[in-house]
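Subject: Structure handover

Hello,

Here is the structure I promised to pass on. Please have it open while you read the notes below.

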Amino acid sequence: MATPLVVSEVFKSFTMHLRDGIKLPVVNDVNFSVASGECVVLGGPSGIGKSSILKMLYGNYAVDAGQILVDHNDHIIDIASADPRTIIDVRRQTMGYVSQFLRTVPRVAAIDVVAEPLVARGIEANVAKENAAELLAKLNLPRELWSLPPATFSGGEQQRVNIARGFITSHRILLLDEPTASLDATNRRVVVEMIAAKKEAGVAMLGIFHDEEVREAVADRILDVSAFSPRKAIAA
Amino acid sequence: MIDTPLLKVSGVSKFYGSRIGCKDVNFELWPGEVLAIVGESGSGKTTLLNCISTRLLPTTGSVEYRMRDGNFRDLYHISEAERRFLMRTDWGFVHQNPADGLRMTVSAGANVGERLMAVGDRHYGKIRQTATDWLGRVEISADRIDDQPRAFSGGMRQRLQIARNLVTGPRLVFMDEPTGGLDVSVQARLLDLVRGLVNDLGLAAIVVTHDLAVARLLSHRMMVMKDGHVIEHGLTDRVLDDPREPYTQLLVSSILQV
Amino acid sequence: MTADLATYNFAYLDEQTKRMIRRAILKAIAIPGYQVPFASREMPMPYGWGTGGVQVTASIIGRQDVLKVIDQGADDTTNAVSIRAFFQKVADVAVTTHTKDATIIQTRHRIPEQKLTEDQVLVYQVPIPEPLRFLEPRETETRKMHALEEYGLMHVKLYEDIAQNGRISKTYAYPVKVDGRYVMDPSPTPKFDNPKMHMSDALQLFGAGREKRIYAVPPHTEVVSLDFEDYPFEIQTFEQDCALCGAHGVYLDEVVLDDRGGRMFVCSDTDHCEDRREHGHVGAMLAPNQEAAE
C-alpha cells in the first residue's frame with residue numbers, strides 16, 4: 001500500500017518576540033506516516049499540539065527541523081522546505097484541508113465556494129457546480145441557501161459548506177480539523193459515510209475528532225500526540 | 001507547474017542620497033502568482049513597486065521580464081519605447097487614486113478603449129463592444145459607457161481603472177493599495193472582483209498594501225518590508241499564521257479583530 | 001518712407017532672426033510634421049493675429065516675391081488687409097489677391113480652392129500647434145508621445161466624438177498623419193481642405209508665434225486624415241452651389257441676409273469666386289431672370 005504522507009523528526013516551537021523572546025516548544029521529534037485508504041486520528045488532550053501538526057503539514061506553520069514528505073504527482077516534496085509556489089501546487093492537486101472555520105469570501109455564493117477547488121484544477125464550471133450541488137444535498141444544506149454567500153450562515157451551515165469544499169476534490173491526502181464540531185447527529189453520520197467513501201477511494205486522511213462516536217467510526221488508528229510533547233520529554 | 005518565472009528581481013536597491021528606499025531585494029514571480037508586499041508607510045514598499053515597474057530607476061540591481069517571445073529582457077536595458085509599449089499592453093498598473101490612472105475627462109468607454117487604440121485597433125464598433133464587455137466584467141452597467149469617471153463613485157472609478165488595465169490581456173499587473181480610500185463594503189466588493197479576475201485570467205500580480213486582510217485574500221505569497229529591507233518572505237498563510245520576525249509578529253498582532 | 005523702412009531692414013526682422021527662423025524651417029521640412037521650437041519674436045501686432053505666420057513669411061520672402069494674404073478665404077478681411085499692408089510697408093513687395101499670381105500665400109483658416117503649384121509656398125497661421133494638447137496637458141509627455149509615435153490618444157478624441165455625436169463631429173483642425181510618421185494639427189482650417197494638403201505641389205509651412213513652433217509639409221508628401229475603419233474620414237458637402245458664381249464642390253460660407261431667415265451660401269475663397277464670375281459663371285442670386293425679384 002502506498003504511503004503518500006511521511007512525517008519525520010519534526011520539531012516545532014514558537015518564539016514570542018513580543019514577550020521578551022520567550023520560546024514555547026510545541027512538539028518534538030514527530031514521526032509518523034499515513035497510508036492510502038487509512039484514516040489516522042490525532043489523539044491527546046487539547047493544547048498538546050494536534051492542530052499545530054495539521055497546520056505544519058498544510059504549510060501554515062513553519063517547522064524548526066525535520067521533514068514532511070508528500071507524494072505529489074510521483075515526486076516527493078518536502079513541505080518543510082518547499083517554496084510557496086510548490087506548496088500552493090501541492091494544495092491544489094494533492095493535499096486538501098477541512099478546517100473548523102470557514103474563511104468566507106464576501107459575495108461568493110455557497111455553491112461557488114464549494115465548486116472553486118475543482119474550477120481551480122481546470123474542471124469546467126458547470127460540471128464543478130453539479131458536483132457541488134450533489135455534495136450540498138448530501139449534507140442536507142437547504143437548497144435556498146446555495147446561492148447565498150455563507151458569511152451569514154449559522155456555524156453548522158458554514159461547516160457543511162466547508163466540508164463539501166474539502167471533500168469535492170480527489171486529493172490523495174486530506175487533513176481534517178474537527179470537521180464535525182458543530183454538526184447534528186444526522187449530518188455527523190453523513191460525514192462519517194463520506195470519510196468511509198474517501199477511504200474506499202484510497203485517500204490518506206489525518207484528522208482531529210473530539211466527538212468520541214465519530215472517532216470510533218472513522219479511526220483506523222489513533223496517534224497519541226502526547227508522545228511528541230516536549231513537556232513530557234522534560235519531565236522524563 | 002510552469003518552470004520559468006515571469007519576472008526576476010535581483011539585488012534591487014534604491015537610495016535617496018544616504019537614505020534607503022529599498023535595499024537588496026531579490027525574488028522571482030511566476031505566471032498566475034499573486035505577491036503581496038506589506039509594511040507600514042515609509043517601509044519602502046511603494047519604492048520597490050516603482051523600481052520593479054520601471055517607474056523609478058533603482059540605484060543598483062536588475063529586473064528581468066520574460067517577454068511574450070519567451071526571452072528575458074532586462075527592463076533597464078530596453079529602449080523607452082519598448083518599455084512604454086510593455087506597460088500599456090503586457091502590464092497593468094492600478095493606482096491607489098483612480099484619478100492617477102484614468103483620464104477623468106473622457107468617457108468610461110474611451111478610458112477602456114484607449115489601450116486598444118494605442119495598439120492599433122481602428123474599428124470603432126469593435127472597440128466599443130470590447131469596452132462594453134469589460135465594463136460588464138467590472139460590474140459597471142453598460143448605460144454608463146458614455147459618462148465620464150468624474151461622475152462615478154470611488155469604487156466605480158477603481159473598477160473602471162481595473163478594466164482599463166486588463167483590456168489588453170496583460171500578464172502582469174501592479175497594484176498600489178488598490179482598496180485604499182474606499183469604504184469597507186466597497187472594498188469587499190472590489191477585492192472579490194480582483195480575486196475573481198486574477199483567477200480567471202491567470203494573471204500574475206504584485207499588490208502593495210498595508211492591509212493584511214487584503215494580502216490574505218488576494219495573495220499567494222507575501223513579503224514584509226521594514227525600513228527598506230525585506231524582513232520576511234513566504235507563503236501568505238505561513239507569514240500570517242506563524243510570523244517569525246519580531247516586526248511581523250507585531251504587525252500581525254496589531255490587526256483589529258471584528 | 002515706405003521704401004526707407006524696407007531698406008533699413010528688409011521684412012521687419014533683423015537678419016540674424018531670419019536666419020534662425022530659416023534654420024527652423026529647414027529642419028521642419030526635413031522632418032515633415034515635426035514641431036520645431038524657435039525663438040519667436042515680439043511682432044508689432046498681438047498674438048492671435050498671425051505672428052507665427054508673419055515671422056515665417058518675413059523669413060522667406062524676397063524682393064521678387066508676390067504676396068497674397070487670406071483670412072477665412074477672403075482677401076478683404078481685417079487680418080488679411082493689415083498683414084498685406086504690413087509687408088508692403090516693411091518689404092516693399094508686390095501683393096496680389098489672385099491665387100495664381102502669388103508666390104507666397106499666407107493664410108488663416110483656409111487653403112485656396114485653386115490647385116497650388118510647386119512655385120508657391122503656403123504659410124499657415126497656427127494658434128495651437130500641438131494636436132495632443134487638449135488630451136495631454138504636459139508638454140514633456142506630448143513630446144515623448146510624438147517621439148515614440150504613441151498616438152492612441154488621438155483616436156480617443158475621435159472615439160469620444162462618435163460616442164457623443166454619432167459621427168466624428170470635428171470639422172476643423174482635423175488631425176492628420178504626415179508622411180506616415182508625425183500626427184499634426186493642420187491649424188484651424190476646415191477638414192474640407194485636408195485632402196488638398198495631401199501630395200500638394202506647393203511647400204506648406206506652419207508658424208505658431210505664441211507657442212514658438214514651426215512645422216512643415218514638404219511638396220509631394222502624404223497627408224492622411226485620422227479615422228476609424230467603420231467611421232471613415234469624409235469632408236463636408238454642400239447642397240447648394242455658390243449664390244454668386246454657381247461653383248459646386250467648393251467650401252461655402254453661410255451669409256445671413258435679414259432677420260426673417262433669409263440667407264445665402266457663397267464661396268469662402270473670394271478670389272476663386274471673383275475669377276469665376278469674370279469668366280462668365282453666374283450663381284442663382286445674380287441670375288438675370290430672377291424670380292426672387294418679385
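Met285(C) sits in the segment after helix 8 (270–278) of chain C. Helices (H or I, at least four residues) and strands (E, at least two) are DSSP runs, numbered from the N terminus. Met285(C) is partly exposed, because its relative accessible area is 33%. The classes are buried (under 20% relative accessible area), exposed (over 50%) and partly exposed (in between), with a 1.4 Å probe and protein chains only.

**How to read the model**

This is a predicted model: local features need pLDDT of at least 70, side-chain atom pairs count only at pLDDT 80 or more, and totals for chains, interfaces and linings use all residues. Residues are numbered from 1 along each chain as its sequence is written, chains are lettered from A and ligands numbered from 1 in the order written, and side-chain values use heavy atoms, without hydrogens or water.

**Chains and the sheet in chain B**

Two pairs of chains are in contact, and chains A and B share the most contacts. Contact means heavy atoms within 4.5 Å. Chains A and C do not touch; their nearest C-alpha atoms are 34 Å apart.

Chain B has an open sheet of six strands, in the order 6-7-8-3-9-10, with mixed pairing. Two strands pair if DSSP finds at least two bridges between them. Its edges are strand 6 (91–94) and strand 10 (229–235). Strand 3 (residues 34–38) of chain B runs parallel to strand 8 (residues 204–209) of chain B, over five bridges. There, Val34(B) is opposite Ala205(B).

Two helices lie across this part of chain B. Helix 10 (residues 246–253) of chain B lies across strands 3, 9 and 10 of chain B, at about 105° to strand 9. Axes are lines fitted to C-alpha atoms, for helices over the stretch in contact; angles run from 0 to 180 degrees between N-to-C directions.

**Chain A**

Strand 1 (residues 5–16) and strand 2 (residues 22–34) of chain A are antiparallel and joined by nine bridges. They form a hairpin with five residues between them, and Asp20(A) in the turn has a positive phi of about 55°. Strand 1 of chain A also pairs with strand 4 (residues 65–72) of chain A, antiparallel, over five bridges.

Is Arg215(A) buried or exposed? Arg215(A) is buried, because its relative accessible area is 18%.

**Salt bridges**

There are 49 salt bridges over all chains. Each is a side-chain nitrogen of Lys or Arg within 4 Å of a carboxyl oxygen of Asp or Glu. Glu33(B) and Arg221(B) form one, with their closest N and O atoms 2.8 Å apart. These partners are 188 residues apart. Both are buried.

Asp193(C) bridges to Lys196(C) at 2.7 Å. Asp193(C) is buried at 0% relative accessibility, whereas Lys196(C) is partly exposed at 25%.

Best wishes
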